Amino acid sequence: MGTLAQQLINGISLGSVYALIAVGYSLVYSILLFSNFAHGGFLVIGGYICYYTLTVLGNNIWVAGGLSLLGAGIAAVLTERIAYKPIRERTNITLYLLIASLGMSIVIENIFVIVAGGRFRALPPVIPTNPVHLFGLTTTSAFDLLSLVVAFVFLTGLQLFIVKSKWGLAIRAAAFDLKTAGLMGINVNLLISIVFFVAGMLAAVGGIFLSVRYTLYPQLGGITIKAFVAAVVGGLGSLPGAVVGSLILGLAEMLTAGFISSQLRDLVVFSLLVITLLVKPTGLFGKKPTEKV
Amino acid sequence: MTSVALLELSDVSKLFGGVKAVDRLSFAIEKGETLGLIGPNGAGKTTVFNLITGLYPLDGGRITFKGEDISQMKPHEIIPKGIARTFQNLRLFPRASSVENVMTACRKESYSFLEALTHLGRWRHCEQRAMERAMELLKLVGIADRAHQAAGTLPYGHQRKLEIARALALEPELLLLDEPAAGMNPEEVDELNALIRRISQELGITIIVIEHHMELVMEICPRIVCMNFGAKIAEGSPDEIQSHPEVLAAYLGEEV
Amino acid sequence: MGYIGGIIILLCINSIAVMGVSLLTGFTGIFSLGHAAYMALGAYTAAILTVEHGVHWFLAILAGGLLAMVVAYLIGIPTLKLMGDYYAIASIGLVESIRLILENWQSVTRGARGYPGIEGFTTLPVAVAFFLVMAIVMVNLINSRYGRAFKACRDDYLAASLLGYNTARYRVLSLAVSGFYCGVAGALLAGFMSFIQPVMFDMMKSTELTSMVVFGGLGSLSGTLLASVIITLVTELFRPISQYRMLIYGGVLVAIMVLRPEGIMGSKELWNLRRKR
């Protein structure tokens, strides 16, 4: 009983971190209708900025966190401006964007391989990981609770932004039809930059927590494939879908690791992908893109 | 008069969200006819073509072709039965040459996968035959001089003609032309007029034409169906349509 | 002879794999990163058949290709219904899953430590012969009604379906053939290196192959082969700075998409360049 509760909390906590990443990725997809493979790069950038700030400037997590969010957001905007903007202005073949995003993801990952080396780095322990006893029922780590709370805060913030703010409205319009949104007077380039900045920021938060959980290394971005799967399961382009998909994934992973086998956890993730694609390819909440003939 | 229509739509409906794109539409076309389909923009004419060719599932009613119910079929099942179409916004393969575009539709000259891998057996004969037929069709529509030019670089009028040639390569019994005259100059419209007559009379193909170019429609279509807001509002000869009050109201507004 | 011969063998192997990728991505327009998985299937099949069951290498290579083809076909049927990005993600999932299976199914594959002791059956004549035959077959396939069908699916799948093409079927066929080519390449690789490890068949390998096709031109077989030669040679020459290799790949991919997405040859073939318009 105790273990089940533990794994459930682990699962939700992991899922909430995945959600941060999946939501940013799905947000970009909803506007530009392509899968940004470089998203994992933003995660890694966030992790490394946090690491270096903590080691160089001292152990203030707020400063480190803030800088890393800012840095990842800016990196995301730069990625868009350098690699995607010139392509999307010339053509609407998303294949080119896909390939360019693949290239950017390799570039970012390998910049860190060269600059930071392939070593696994542990973040200085500023985020508490001590055990916490819950209602006498089970023990979990403060880290899990913290990542859950932080993710919740950020996701709620995003939700408020999208629902209540002017730019949030613009984003919703653009997600419906980018071209029309532009014709309605929305500055499309600025909108896209904002979306990428937000996506980068969220990825950075996820990156920080994942660096603590798994240690930091340049290929950590590879974990975004799980966020991609979560986004697909929930429905590409749907933000609530991304959250739900991530939670399902996190739970599935942790329950498998806890009760069946640690080796199989990744296979379970991909099985979920396969099942989704077979049964309902548009995911739980996704919409089928209809083309005008 | 024979009673089995080539194509029949019975109470066909299609909804997009809450919008009735096609509203209980019924009409039929006999073999050999050239039928005009007119109506203001947004009346649902292209949607009708999309429904006939199986791009969208029906939300109500039935479509039969040569007596067979094709309402639930997919495009790749319907087309081989003898229906071909062109598109309002042109859907050529831009990187392929004119001749390649047409050859892509030459499905009858078929050979096996193994023959394709080895270039043995029927490959040479079928490829030659397909090439010949494609060139004939290009000549028919009048663009044989640009046979090897990439379709995306052709002048607009040529592209429209190329689409017709490609559709004809399917050897259809029913040809659906979606605004074939759009963007053409008067000279090209005359050529189109003659071409459609030839397709009907020499090739014996039944044709439905969606058009906004009224002169063309009135000249080549002995019978016309007029739609508005997804429903049929009139059906008859060009004279009848031209003086029909609802048709005039649809196009010119209520004041007649 | 030894060093240069080795390079030529490697070139032949890469070229066979890359022709498969060219068919899938360049000619049928399906962006996939699953190629490494199919190479892995071919490699391990050939390795296990020759080492543990005494099967003749020629049959083992064919078996490797066939297994990869069957797996590609089975996977393709449910997944290729989906367009673009969904499939791309699924293909990444595939590579990772197969690598995981290879690493963990120790009894069959000897796990992450790798599978040693494979007979060195990929000699120069073998590699060149396989390459020539498979190249001719690929050129034939593209210059046939199937080639036109693949290109139609790539350029406008809606228009293709309205010409009566069952686009799903052609996409799966393209994937199956591409799987066969990658499988054979993997089998030949096993016979060349005499040792294979799951980590040899990871995303990096898939990315290498994809970047060769992009570099050479999506829709040009000769461009793909040209790119394969250039990139293989450059990789060998710059082995000392191989840590920059991936960085350069990534940069090249981005640069090509931004500056010249049609790659070296665009959709033209070297052998058609002098045809009269």
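1. Gly217(C) comes directly after helix α10 of chain C and has a positive phi, near 125 degrees. Helices here are DSSP runs of H or I with at least four residues, strands are runs of E with at least two, and both are numbered from the N terminus. The model is a predicted one, in which local features need pLDDT of at least 70 and side-chain atom pairs count only at pLDDT 80 or more, while totals for chains, interfaces and linings use all residues. Residues are numbered from 1 along each chain as its sequence is written, and chains are lettered from A and ligands numbered from 1 in the order in which they are written.

2. Helix α10(C) itself covers residues 203-216, and its 14 residues reach 20 Å from the first C-alpha to the last, close to the expected 20 Å. That expected span is 1.5 Å times one less than the number of residues. Because 13 of its 14 residues are buried, α10(C) is largely enclosed by the rest of the structure. A residue is called buried if 20 or more other C-beta atoms lie within 10 Å of its own, exposed if 12 or fewer do, and partly exposed in between, with C-beta atoms placed from the backbone.

3. Leu33(A) has a positive phi of about 55 degrees and sits in the loop between α1 (2-32) and α2 (39-57) of chain A. It counts as partly exposed because it has 18 C-beta neighbours inside 10 Å. Arg110(C) has a positive phi near 65 degrees and belongs to the loop between α5 (106-109) and α6 (124-142) of chain C. Arg110(C) is partly exposed, with 19 other C-beta atoms within 10 Å.

4. The contact between chains A and C takes 35 residues from chain A and 33 residues from chain C. Residues are in contact if their C-beta atoms, placed from the backbone, lie within 7 Å. On the chain A side, α3 (61-90), α4 (94-116), α9 (224-234) and α11 (265-279) each give two or more residues. The largest share, 15 residues, comes from α4(A). Ala100(A) touches, among others, Tyr84(A), Leu253(C) and Met257(C), when residues up to four places away in sequence are not counted.

5. Strands pair if DSSP finds at least two bridges between them. Seven bridges join β1 (residues 7-16) to β2(B), and Phe16(B) has Val19(B) as its bridge partner.

6. Strand β9 (residues 223-228) of chain B is mostly covered, with five of its six residues buried. It pairs with β3 (residues 34-38) of chain B in the parallel sense over four bridges, where Cys226(B) is the bridge partner of Ile38(B). Five bridges join β9(B) to the antiparallel strand β10 (residues 231-236) of chain B, and Ile224(B) stands opposite Gly236(B). In this hairpin, which has two residues between the strands, Phe229(B) takes a positive phi near 50 degrees.

Conventions: Contact = placed C-beta atoms within 7 Å.
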